[in-house]
Amino acid sequence: MNKSRIMLTVNGQNIEFDAEPRKLLSDALREDCRLTGTHVGCEHGVCGACTVLVDGRPQRACLSFAIQMEGHEVTTIEAIGSPTGFSILQEAMHVAHGLQCGFCTPGIVMTFEAFLREHPDPSEADIREALSGNLCRCTGYQNIVKAIVDAAQRMKGAGCVPLDTALAKEACPHAVAGRPNPIPEGEGVNPTRQNFEQALKP
Ligand code: FES
Ligand code: FES
């Protein structure tokens with residue numbers, strides 16, 4: 001299939017690349033934008049691991065084509081928090097041991113960064129219902145719920161506002177990991193794997 005020029009705005013940065021029109025947003029983020037914090041689990045909209053924000057709203061990246069995102073603001077886990085600290089929700093997940101292997105964690109954080117700003121005073125039942133869209137095979141969910149309840153109280157106290165596109169833009173310059181990794185040299189090598197192997201070198 002012919003490739004098209006795709007222009008995305010991700011974490012406040014404009015990124016252009018050539019890809020087939022059928023390329024999924026989740027694959028484009030990981031392979032073309034070098035943002036591997038968005039995880040891919042089921043690839044059919046069930047597990048929630050690939051959740052990103054599109055114009056501030058949670059969306060399954062595995063159910064979206066990258067080319068559909070032109071003209072929209074995509075925010076990934078790399079734009080959450082800052083080089084010097086976690087977001088309130090990330091900190092709460094850390095303190096409450098709301099993760100084990102961490103595979104589901106980026107999707108849960110993205111879901112609730114948006115949810116807690118739109119629902120500043122959620123009940124535990126509200127949180128459990130919202131969490132039903134994110135599957136976790138490790139934790140049994142108890143500590144995730146505990147972390148989100150704690151984060152909700154702290155975010156309410158801090159006067160957190162909806163994570164709209166303006167905030168996403170503001171967050172990006174301070175998010176080191178939000179910038180795409182340098183494109184590795186060499187052809188015929190999976191770029192993500194090459195980066196990983198280079199990082200493991202002594
Ligand atoms: S990978 Fe997208 S919902 Fe599971
Ligand atoms: S912490 Fe392992 S899948 Fe959730």
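Which residues does Leu99 touch, not counting residues up to four places away in sequence? I looked this up first. Leu99 touches Met93, Thr105 and Thr139. I count two residues as in contact if their C-beta atoms, placed from the backbone, lie within 7 Å.

**Ground rules**

I am working on a predicted model, where local features need pLDDT of at least 70, side-chain atom pairs count only at pLDDT 80 or more, and totals for chains, interfaces and linings use all residues. Residues are numbered from 1 along each chain as its sequence is written, and chains are lettered from A and ligands numbered from 1 in the order in which they are written.

**Entry: Leu99, continued**

I placed Leu99 in the loop between α2 and α3. Leu99 is buried, with 20 other C-beta atoms within 10 Å. My scale: buried means 20 or more other C-beta atoms within 10 Å of the residue's own, exposed means 12 or fewer, and partly exposed lies in between, with C-beta atoms placed from the backbone. I also checked Leu99 against Gly140: they are 41 residues apart in sequence, and their C-alpha atoms are 9.7 Å apart in space.

**Entry: the chain as a whole**

I counted seven helices and five strands. Helices (H or I, at least four residues) and strands (E, at least two) are DSSP runs, numbered from the N terminus. Along the sequence the pattern reads β-β-α-β-β-β-α-α-α-α-α-α. Of the 202 residues in the chain, 38% are buried. I then took the contacts between residues at least 6 apart in sequence: 65% of them join residues at least 24 apart.

**Entry: the sheet**

In what order do the five strands stand in the open sheet? I read β2-β1-β5-β3-β4, with mixed pairing. Two strands pair if DSSP finds at least two bridges between them. β2 (13-19) and β4 (57-60) stand at the edges, each with a single partner strand, so one side of each has no neighbour in the sheet. From one strand to the next, the twist averages 40°.

Next I looked at the hairpin. β1 (residues 4-10) and β2 pair in the antiparallel sense over seven bridges. Val10 stands opposite Gln13 in β2, and the bridge partner of Thr9 in β2 is Asn14. Two residues lie between the strands of this hairpin, and Asn11 takes a positive phi near 50°.

**Entry: α2 against α3**

I found α2 (residues 88-95) and α3 (residues 105-118) packed at an angle of about 130°, with their axes 10 Å apart. That makes α2 oblique to α3. Axes are lines fitted to C-alpha atoms, for helices over the stretch in contact, and angles run from 0 to 180 degrees between N-to-C directions. Angles under 35 degrees count as roughly parallel, over 145 as roughly antiparallel, 65 to 115 as roughly perpendicular and the rest as oblique.

The crossing of α2 and α3 is right-handed. A crossing is right-handed if the near helix is turned clockwise from the far one by less than a right angle, and left-handed if anticlockwise. From α2, Leu89, Gln90 and Met93 meet Thr105, Val109, Phe112, Glu113 and Leu116 of α3. I sorted the residues of this contact into five nonpolar, two polar and one charged. Ala, Val, Leu, Ile, Met, Phe, Trp, Tyr, Cys and Pro count as nonpolar, Asp, Glu, Lys and Arg as charged, and the others, Gly among them, as polar.

**Entry: α4 against α5**

At what angle do α4 (residues 124-131) and α5 (residues 142-158) pack? I noted about 120°, with the axes 10 Å apart. The two helices are therefore oblique to each other. α4 passes α5 in a right-handed crossing. Glu124, Ile127, Arg128 and Leu131 of α4 make the contact with Ile144, Val145, Ile148 and Val149 of α5. The residues of the contact divide into six nonpolar, no polar and two charged.

Is His39 buried or exposed? His39 is buried, with 21 other C-beta atoms within 10 Å. I found His39 in the loop between α1 (25-32) and β3. Its contacts, not counting residues up to four places away in sequence, are Ala49, Cys50, Phe103, Pro106 and Gly107. His39 and Ile77 are 38 residues apart along the chain, with 9.8 Å between their C-alpha atoms.

Pro106 is buried, with 24 other C-beta atoms within 10 Å. Not counting residues up to four places away in sequence, Pro106 touches Gly37, Thr38, His39 and Ile77. Val52 is 54 residues from Pro106 along the chain, and 8.6 Å separates their C-alpha atoms.
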